Amino acid sequence: RGADDGRVAIAVSPAIADSLAKDIAALDNPTETDVRAALAGQGVALSHSDNVFYLTDSAADDILGDPGPPNVRQLTEADAGVTASFKAAAPEENWAVFGAFDEHARLVGIGSMSPWDDEFPIADVDVRTTGSARGRRQAKTLVRAMFRHALTEGYEPQYRCPPDDAASMKLAASLDLQLFGSWETVKIRR
């Protein structure tokens, strides 16, 4: 769903598209509810919704002009011992993984990025913090560092979060991110 116009678009396989066309062809002006019902009739279940955010030009300029705090850095293989508690948040296929450390050099937050496409270079960002780090701007500094890295590498950073995740929505607002729209991914029932 687009943030500006509220339009809904779907992308499905050719086989599902052919089936959907048959299901909704008889409808004069199918609504979102009609399309959802047709998808369900084809065994297509939609997963949770995410809001998708991108940087404004002014936010990108601000991030690129800021060297960032010394307690946030890109992690390397040498950090494997300190990342064990965050192992699930930074799977091996991620392109870049960053960590935030507290005043005792303990890892209190981890963020990872995955590139989506070579033709349209988008870097999808994920961030996790420990309970003790929440409310201390660790997630914000992590995301800024990852965005800076993505931008300098020629990628457009993307941030996604569920619309009902108040902390993540607050993080997006604190970063001056622009809502692009919301999306639901598809799960095919087998």
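Helix axes here are lines fitted to C-alpha atoms over the stretch in contact, and angles run from 0 to 180 degrees between N-to-C directions. The model is predicted: local features need pLDDT of at least 70, side-chain atom pairs count only at pLDDT 80 or more, and totals for chains, interfaces and linings use all residues. Residues are numbered from 1 along each chain as its sequence is written, and side-chain values use heavy atoms, with hydrogens and water left out.

**Exercise 1. Describe how α1 and α2 cross, and name the residues in contact.**

Step 1. Locate the helices, which are DSSP runs (H or I, at least four residues) numbered from the N terminus. Helix α1 covers 14–24, and α2 covers residues 32–41.

Step 2. Take the axes: those of α1 and α2 come within 10 Å and cross at roughly 125°.

Step 3. Classify the angle. Under 35 degrees counts as roughly parallel, over 145 as roughly antiparallel, 65 to 115 as roughly perpendicular and the rest as oblique; α1 and α2 are therefore oblique to each other.

Step 4. List the contact (heavy atoms within 4.5 Å). On α1 the residues are I16, L20, D23 and I24, and on α2 they are D34, A38 and L39.

**Exercise 2. Which residues of α2 are buried, and how are they arranged on the helix?**

Step 1. Apply the cut-offs: buried is under 20% relative accessible area and exposed is over 50%, with partly exposed in between (1.4 Å probe, protein chains only). In α2, V35, A38 and L39 are buried.

Step 2. Look down the axis of α2: the buried residues fall within an arc of 100°, so they line one face of the helix. The arc is that of the directions from the helix axis to the C-beta atoms.

Step 3. Find the partners: the buried residues of α2 pack against α1 and β1.

Step 4. Turn to the face away from the buried side, which carries the exposed residues T33 and G41. Just after α2, G43 has a positive phi of about 80°.

**Exercise 3. Is D50 buried or exposed, and what does its side chain contact?**

Step 1. Read the accessibility: D50 is buried, at a relative accessible area of 7%.

Step 2. Find the polar contact, a pair of N or O atoms within 3.5 Å; within protein, one must be able to donate a hydrogen and the other to accept it, and residues adjacent in sequence count only if both atoms are side-chain atoms. The D50 side chain makes one with the side chain of R160 (3.2 Å).

Methods:
Helix = DSSP H or I, 4+ residues; strand = E, 2+ residues; numbered from the N terminus.
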